[in-house]
Every structure is written in structure tokens, then in C-alpha cells.
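Here is a short report on one protein model. Please read it with the structure open.

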Amino acid sequence: MSDQNHHSGMAALSICEALLLAMNDRKLLPEREIVGILRDAAATHENAIGSVAETESHQAVAGLINMMIAGGYSSGRP
């Protein structure tokens, strides 16, 4: 992955996470729906097919999303 793609992906992840947090803070979406969105996104990547390299990339993305869930969305935030 090029540095540009890596940085773009990190920026997108940070922006999306911030938006989900803001939606929860403003009570636009309850935590259970946010967790559902994240689980759906992870499942999409977990079930993706392709070459070995593509599958490994999708599994890594799913792992990151699942870490987001485990790190705060499933148990609440401070």
C-alpha cells in the first residue's frame, strides 16, 4: 500500500469514528445502532473474497473495526 493510500485510509477512519461519536453524543444514534453499523462493516470485510492479498487486507480492516467495537462502543465510553 502506498503512503498516500495509507494516509487516506487513516484519515477516513478517523473522520468516520469522529462522526459516529458525535452522532452518539448528540443522541442522533443510540450506541446499539452504532455498534450495529460497525458490526455490519466488519462483516462485509470478513466475508469479502478475492486474491490472497485482497483477503488479507479485508481481514485486517475487519480487525480494526472489531477493535473499535471492543475499545469503546460495546462497553460505553468515558
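The report covers the model, the fold, the charges and a surface patch.

## Model

This is a predicted model: local features need pLDDT of at least 70, side-chain atom pairs count only at pLDDT 80 or more, and totals for chains, interfaces and linings use all residues. Residues are numbered from 1 along each chain as its sequence is written, and side-chain values use heavy atoms, without hydrogens and water.

## Fold

The protein has 3 helices and 0 strands. Helices are DSSP runs of H or I with at least four residues, strands are E runs of at least two, and both are numbered from the N terminus. The order from the N terminus is α-α-α.

The C-alpha atoms fill a box of roughly 40 × 25 × 20 Å along the principal axes. Of the 78 residues, 18% are buried. Buried means under 20% relative accessible area, exposed over 50%, and partly exposed in between (1.4 Å probe, protein chains only).

## Charges

There is 1 salt bridge, defined as a side-chain nitrogen of Lys or Arg within 4 Å of a carboxyl oxygen of Asp or Glu. Arg 32 and Glu 33 form this pair, at 3.6 Å from N to O. Arg 32 is exposed at 63% relative accessible area. Glu 33 is partly exposed at 36%.

## Surface patch

Leu 13, Leu 64 and Met 67 make a nonpolar surface patch of about 290 Å². Patch residues have over 30% relative accessible area and no salt bridge; nonpolar side chains (Val, Leu, Ile, Met, Phe, Trp, Tyr) are joined within 5 Å, like charges within 9 Å. Areas come from the Shrake-Rupley method with a 1.4 Å probe; for residues, only the protein chains shown count as cover.

Met 67 lies in helix H3, residues 52–73. Its relative accessibility is 58%, so Met 67 counts as exposed.
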